[in-house]
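Here is a short note for a colleague who is opening this entry for the first time. Please keep the viewer open while reading the points below.

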Amino acid sequence: MASVRNLKKDINYVLGDIIEAVYITELAAGGQGSDKAEALIDEAIAVFDTLMKEVNAKEVENKKTHFKQINKKLEESANQLIDKLKAL
């Protein structure tokens, strides 16, 4: 892991891109917002909040392992959100 700053940027960019993809999918489908799309956006925001809380945790014994776990959670969460996006 290069730095905490890069991890925070990765979290922001990945989840931001997913939210943007939801909006693009809505526009392509006729421009009307659906409840499923809003729920997916809310879920992405919740994942963002959770991961940022974990990144900012101060009392961590092994920081390197902690940040690797966060990176793994980001990847898993992003894949789940993308699968849900494909189902829209």
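At what angle do helix 1 and helix 3 pack, and how far apart are their axes? Point 3 takes this up, after the overall layout.

1. **Overall layout.** This is a predicted model. The chain has three helices and zero strands. Along the sequence the pattern reads α-α-α. The C-alpha atoms fill a box of roughly 50 × 20 × 15 Å along the principal axes. The chain has 88 residues, and 28% of them count as buried. Contacts reach across the sequence: among those with a separation of 6 or more, 70% join residues 24 or more positions apart.

2. **The nonpolar core.** The largest nonpolar core holds 20 residues. Ile 11, Leu 15 and Ile 70 have the most contacts inside it. Helix 1 (4-28), helix 2 (35-55) and helix 3 (63-87) each supply at least two residues of this core. Helix 2 gives the most, with eight residues. Leaving out residues up to four places away in sequence, Leu 15 touches Ala 44, Val 47, Phe 48, Leu 74 and Leu 81. As background, nonpolar side chains tend to be buried together in soluble globular proteins.

3. **Helix 1 with helix 3.** Now the opening question. Helix 1 and helix 3 pack at about 5 degrees, and their axes are 11 Å apart. The two helices are therefore roughly parallel to each other. On the helix 1 side, the contact includes Val 4, Leu 7, Asp 10, Ile 11, Val 14 and Leu 15. On the helix 3 side, Phe 67, Ile 70, Asn 71 and Leu 74 are among the residues involved. By class, the residues of this contact divide into 15 nonpolar, two polar and one charged.

4. **Helix 1 with helix 2.** Here the angle is about 175 degrees, with the axes 10 Å apart. That makes helix 1 roughly antiparallel to helix 2. Helix 1 contributes residues including Leu 7, Lys 8, Ile 11, Asn 12, Leu 15 and Glu 26. Helix 2 contributes residues including Ala 37, Leu 40, Ala 44, Val 47, Phe 48 and Met 52. The residues of this contact comprise 17 nonpolar, one polar and two charged.

5. **Helix 2 with helix 3.** This pair packs at an angle of about 180 degrees, and the axes are 10 Å apart. That makes helix 2 roughly antiparallel to helix 3. From helix 2 come Leu 40, Glu 43, Ala 44, Val 47, Leu 51, Glu 54 and Val 55. From helix 3 come His 66, Phe 67, Ile 70, Lys 73, Leu 74, Ser 77, Leu 81, Lys 84 and Leu 85. The classes are ten nonpolar, two polar and four charged residues.

6. **Salt bridges.** How many salt bridges are there? The count comes to two. In one of them, Lys 84 pairs with Glu 43, and the closest N and O atoms are 2.8 Å apart. Lys 84 lies in helix 3 and Glu 43 in helix 2, so the pair ties together parts that are 41 residues apart in sequence. Lys 84 counts as partly exposed, at 40% relative accessibility. Glu 43 also counts as partly exposed, at 28%. Lys 73 forms a salt bridge with Glu 54, where the closest N and O atoms are 3.1 Å apart. This pair links distant parts of the chain: Lys 73 is in helix 3, Glu 54 is in helix 2, and they are 19 residues apart. Lys 73 is partly exposed, with a relative accessible area of 36%.

7. **His 66.** Is His 66 buried or exposed? His 66, a residue of helix 3, counts as buried because its relative accessibility is 16% and the cut-off for buried is under 20%. Apart from neighbours within four places in sequence, His 66 is in contact with Glu 54, Ala 57 and Val 60. Glu 54 is also the salt-bridge partner of Lys 73.

Terms used:
Residues numbered from 1 in each chain as written. Predicted model: local features only at pLDDT ≥ 70, side-chain atom pairs only at ≥ 80, totals over all residues. Heavy atoms only, no water. Core = buried A, V, L, I, M, F, W, Y, C linked by side-chain atoms within 4.5 Å. Buried < 20%, exposed > 50% of the residue type's maximum accessible area, 1.4 Å probe, protein only. Helix = DSSP H or I, 4+ residues; strand = E, 2+ residues; numbered from the N terminus. Contact = heavy atoms within 4.5 Å. Salt bridge = Lys/Arg side-chain N within 4 Å of Asp/Glu carboxyl O. Axes fitted to C-alpha atoms, helices over the stretch in contact; angles between N-to-C directions. Parallel < 35°, antiparallel > 145°, perpendicular 65-115°, else oblique. Nonpolar A, V, L, I, M, F, W, Y, C, P; charged D, E, K, R; others polar.
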